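Dear colleague,

Please find below the structure that I am handing over to you. A summary of the findings follows it.

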Amino acid sequence: MIDETSTDSPNDLPTGAPYDFQDGFQIEERGDEYYMQLALREAQKAYDAKEVPVGAIIVRDGKVIARSSNQVETLKDATAHAEMLSLSAAQIAIGDWRLEGCTLYVTKEPCPMCAGAIVHCRPDRVVYGCPDAKGGAAGGWINLLDSNPPLNHRCEVSSGVMADECLGILQSFFQSARRRKKEERKAAKLAEQAAEEQGGAKSCD
Ligand SMILES: [Zn+2]
């Protein structure tokens with residue numbers, strides 16, 4: 001599924017993305033998959049910046065009014081999740097905190113912080129890619145987007161849109177992070193051994 005060298009993406013998609021689209025895949029109508037591909041493009045930006053690859057976009061009347069990637073490390077801000085940044089951008093774009101008529105597309109199920117913010121901003125719909133059974137707040141772990149009387153807003157939720165691609169980019173990110181850590185540990189061990197050997201050689205002089 002993941003092809004690090006793939007450049008065979010459709011014209012409207014970035015080249016070199018670490019996810020692979022089917023040959024000859026054409027975007028014929030701007031449905032959920034089309035917009036999720038744009039959110040995946042944002043996730044790719046996060047990946048390239050060594051951030052956990054999650055992307056979000058917000059659409060109103062068929063127009064993309066906000067797009068963001070996760071930027072926690074870049075901004076040194078634990079609240080800089082893709083959804084939070086795109087909610088703020090959408091509010092600026094339409095000049096209102098009420099995101100009525102808007103749909104938020106995000107590659108991974110929102111966490112409790114983002115789900116809480118979503119409910120406050122009141123978009124009509126939330127569409128996410130892969131579920132997060134451990135920490136998801138759109139039904140994975142808990143559900144804050146469903147009818148919650150104190151929060152007073154209910155979003156229509158669709159899940160599993162391009163789930164494999166959305167999960168694939170996350171898995172690829174964490175696999176290479178683990179590989180990098182392993183290599184670092186190995187290099188540190190070799191350096192330690194070399195230092196010990198050098199010390200031993202010196203004591204024999
Ligand atoms: Zn979040």
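**Findings**

Met162 is located in the loop between strand S5 (156–158) and helix H5 (163–204). Helices (H or I, at least four residues) and strands (E, at least two) are DSSP runs, numbered from the N terminus. The structure is a predicted model, in which local features need pLDDT of at least 70 and side-chain atom pairs count only at pLDDT 80 or more, while totals for chains, interfaces and linings use all residues. Residues are numbered from 1 along each chain as its sequence is written.

Met162 is buried, because 24 other C-beta atoms lie within 10 Å. The term buried requires 20 or more other C-beta atoms within 10 Å of the residue's own, exposed means 12 or fewer, and partly exposed lies in between, with C-beta atoms placed from the backbone. Met162 also has a positive phi of about 55 degrees, although it is not a glycine. As background, most residues other than glycine have a negative phi.

**Overall composition**

The protein has 5 helices and 5 strands. From the N terminus on, these elements run α-β-β-α-α-β-α-β-β-α. Of the 205 residues in the protein, 34% are buried. Among contacts between residues at least 6 apart in sequence, 55% join residues at least 24 apart; two residues are in contact if their C-beta atoms, placed from the backbone, lie within 7 Å.

Helix H1 (residues 32–48) has 17 residues, which should span 24 Å at 1.5 Å a residue, and its end C-alpha atoms are 24 Å apart, in agreement. The expected span of a helix is 1.5 Å times one less than its number of residues. The buried residues of H1 include Tyr35, Met36, Leu40, Arg41, Glu42 and Tyr47. H1 is followed by Lys50, which has a positive phi, near 60 degrees.

Ala177 lies in helix H5 and counts as exposed, because it has 12 C-beta neighbours inside 10 Å.

For helix H3 (residues 82–94), the 13 residues should span 18 Å at 1.5 Å a residue, and the end C-alpha atoms are 18 Å apart, which agrees. Ala82, Glu83, Met84, Leu85, Ser86, Leu87 and Ala90 are the buried residues of H3. They pack against H1, strand S1 (55–60), strand S2 (63–69), strand S3 (102–108) and helix H4 (112–121). After H3 comes Gly95, with a positive phi near 65 degrees.

**The packing of H3 and H4**

Two packed helices are described by the angle between their axes and the distance between the axes. The axes of H3 and H4 come within 9 Å and cross at roughly 20 degrees; axes are lines fitted to C-alpha atoms, for helices over the stretch in contact, and angles run from 0 to 180 degrees between N-to-C directions. H3 and H4 are therefore roughly parallel to each other, a term for angles under 35 degrees.

Glu83, Met84, Leu87 and Gln91 in H3 meet Cys114, Ala117, Ile118 and Cys121 in H4. By class, this contact of H3 with H4 has 6 nonpolar, 1 polar and 1 charged residues. Here Ala, Val, Leu, Ile, Met, Phe, Trp, Tyr, Cys and Pro count as nonpolar, Asp, Glu, Lys and Arg as charged, and the others, Gly among them, as polar.

**Two further residues**

His120 is found in helix H4 and is partly exposed, because 14 other C-beta atoms lie within 10 Å. The C-alpha atoms of His120 and Asn152 are separated by 8.5 Å, although the two residues are 32 residues apart along the chain.

Asp61 has its place in the loop between S1 and S2. Asp61 counts as exposed, because it has 7 C-beta neighbours inside 10 Å. Its phi is positive, about 50 degrees, although Asp61 is not a glycine. Asp61 and Thr103 are 42 residues apart in sequence and 9.2 Å apart in space, C-alpha to C-alpha.

Yours sincerely

Technical notes
Parallel < 35°, antiparallel > 145°, perpendicular 65-115°, else oblique.
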